[in-house]
Amino acid sequence: MAVTDAIEEPSPSSNFSQPPQRHFYVTVVDRLHFKMETLVHLLGVAARRPALPIVVCCTSRDQLDAVCSAVSNLPFISLASLYSDLAESDRNVILEEFRKATVRWSQIVNAGQSGGGGSGGETGNNNDESSTNNNNTKSHMIVVTDACLPLLALGEAPVSARVLINYELPSKETYLRRMATCLAADGIVINVVVGGEVITLKNIEESSSLVIAEMPINISEIL
């Protein structure tokens, strides 16, 4: 399924009129190359939203590495990854930075647009300020394996992403855990599935009392 490149400016007021935690799927042909291509194209459109917090979930470290490699050159994404042998201090920094990104997203939504005071003809630290503002308006993305999801049972706070992308379709239990640990109350889930997984997705939908709709071609309709 193609995702249109056309994307509108953020429309914060419409976000609050949408039902919470909407779920979608996009189907690709049964080839890993096309699945990755679809993900990269999807991110290339969605991540142009200023400061959009995104989590991409994978079931294995190999897939995590592949995703990070494929999206690392997208200029409007600040990318981090969580994996099992990551140092605890590094993990804490990544999670804290992502939580800060969700705050920035909320501020942009509430204000209607990122204001910032960086334009004009001032001298001195303009380059530094411009660089900082640019980093703050990048979409912030974490790629994570299921083994490294936030541990709510141990008191770790969820990360509350606006967009959760299931690059690999998990079991029902893991699907619900990804939601609980990674998704904001008004967040969006996008499942990237190959043709044969649609039946599995429908089983998750029915057994979890969810509504998982086919993703619109124009992604701005759901963002």
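The secondary structure of the chain comprises seven helices and seven strands. Along the sequence, these elements follow the pattern α-β-α-β-α-β-α-α-β-β-α-β-α-β. Of the 223 residues, 46% count as buried. Among contacts between residues at least 6 apart in sequence, 83% join residues at least 24 apart.

The confidence of the prediction was considered next. The mean pLDDT of the chain is 81, and 80% of the residues reach 70 or more. Where pLDDT is low, the predicted coordinates should not be read in detail.

The strands form an open sheet of seven strands in the order 3-4-2-5-6-1-7, with parallel pairing. Strand 3 (77–82) and strand 7 are the edge strands, each of which pairs on one side only. Neighbouring strands of this sheet are turned against each other by 25° on average, direction ignored. In general, the strands of a sheet pair through backbone hydrogen bonds, either parallel or antiparallel.

Strand 2 (residues 53–58) is mostly covered, six of its six residues being buried. In a regular strand the side chains alternate between the two faces of the sheet. In strand 2 both faces are covered: Pro53, Val55 and Cys57 are buried on one side, and Ile54, Val56 and Cys58 are buried on the other. Strand 2 pairs with strand 4 (residues 139–145) in the parallel sense over six bridges, and within this pairing Ile54 stands opposite Met141 of strand 4. Strand 2 also runs parallel to strand 5 (residues 161–166), to which it is joined by four bridges. Here Val55 stands opposite Leu164 of strand 5.

Strand 1 (residues 22–28) is paired with strand 6 (residues 183–194) in the parallel sense over seven bridges. His23 has Val189 of strand 6 as its bridge partner, and Val28 stands opposite Val194 in strand 6. Strand 1 pairs in the parallel sense with strand 7 as well, over three bridges, and Phe24 stands opposite Ala213 of strand 7. Because six of its seven residues are buried, strand 1 is largely enclosed by the rest of the structure.

Helix 2 lies across strand 1, strand 2, strand 3, strand 4, strand 5 and strand 6, and runs at about 135° to strand 1. In helix 6 (residues 172–182), the buried residues are Tyr175, Arg178, Met179, Thr181 and Cys182. These buried residues of helix 6 pack against strand 1, strand 2, strand 5 and strand 6 of the sheet, and also against helix 7 and strand 7.

Local backbone geometry was examined at two loop positions. Ala51 has a positive phi of about 60° although it is not a glycine. This residue is placed in the loop between helix 2 (32–46) and strand 2. Ala51 has a relative accessible area of 2% and is therefore buried, the limit for this class being under 20%. Ser209 also has a positive phi, of about 55°, although it is not a glycine. Ser209 is found in the loop between helix 7 (198–208) and strand 7 (212–214). With a relative accessible area of 69%, Ser209 is exposed, as the exposed class lies over 50%.

Definitions and conventions
Residues numbered from 1 in each chain as written. Heavy atoms only, no water. Buried < 20%, exposed > 50% of the residue type's maximum accessible area, 1.4 Å probe, protein only. Pairing = 2+ DSSP bridges. pLDDT = per-residue confidence, 0-100. Axes fitted to C-alpha atoms, helices over the stretch in contact; angles between N-to-C directions. Contact = heavy atoms within 4.5 Å.
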